[in-house]
Amino acid sequence: QVQLVESGGGLVQAGSSLRLSCTISRTIFIGKIMSWYRQTPGKERELVASITVGDNTDYADSVKGRFTISRGNTKNTIYLQMDNLKPEDTAVYFCNGELVRAGEIRSKTYWGQGTQVTVLP
């Protein structure tokens, strides 16, 4: 079985930076599209940023210019660099991956366990 393992959340002051990481636990799986979502209590999970296997990126309007999604050198880890954090960025952040096993065609969607980001005013 494959898992998405997240790290990097925490408690920071407004204006600070954090970097979240998400690693695909088995290297035989490839992340066709990797994304970060976030969710606050009582609200739906929202897409924050995504990156394709070809390194095309997309961002929610609320984070453009502040957040950067990228892949590591090994391609099985993605990062979300979050700069100039605001209190409204407070949420549980989830890694999402559309993964395909090497040599296969059909992909499957996986979720990480979530990591809390809290930004104080």
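**A buried aspartate and an enclosed strand**

Visitor: Where is the place of aspartate 89 in this protein?

Guide: Aspartate 89 lies in the loop that runs between strand 8 (77-82) and strand 9 (91-101). Please keep in mind that this is a predicted model.

Visitor: Why is aspartate 89 called buried?

Guide: Buried means under 20% relative accessible area. Aspartate 89 has a value of 1%, so it is buried.

Visitor: Which residues is aspartate 89 in contact with, leaving aside its neighbours within four places in sequence?

Guide: The partners are Arg38, Arg66, Phe67, Asn84, Val117 and Val119.

Visitor: What makes the link between the side chains of aspartate 89 and arginine 66 a polar contact?

Guide: The term calls for a pair of N or O atoms within 3.5 Å, one able to donate a hydrogen and the other to accept it. The two side chains are joined at 2.7 Å, a polar contact. The side chain of aspartate 89 also reaches the backbone nitrogen of lysine 86, at 2.8 Å.

Visitor: Let's turn to serine 21. Why is serine 21 called buried?

Guide: The limit for buried is under 20%, and serine 21 has a relative accessible area of 15%, so the word applies. This serine is found in strand 3 (residues 18-24). Not counting residues up to four places away in sequence, serine 21 touches Val5, Glu6, Ser7, Trp36, Ile78 and Tyr79.

Visitor: How do you know that the radius of gyration agrees with a compact globule?

Guide: For 121 residues, a compact globule would have a radius of gyration near 14 Å; the protein has 14 Å, so the two agree. Along the principal axes, the C-alpha atoms fill a box of roughly 50 × 25 × 20 Å.

Visitor: What share of the 121 residues count as buried?

Guide: That share is 39%.

Conventions
Residues numbered from 1 in each chain as written. Predicted model: local features only at pLDDT ≥ 70, side-chain atom pairs only at ≥ 80, totals over all residues. Heavy atoms only, no water. Helix = DSSP H or I, 4+ residues; strand = E, 2+ residues; numbered from the N terminus. Buried < 20%, exposed > 50% of the residue type's maximum accessible area, 1.4 Å probe, protein only. Contact = heavy atoms within 4.5 Å. Rg over C-alpha atoms; globule rule 2.2 N^0.38 Å.
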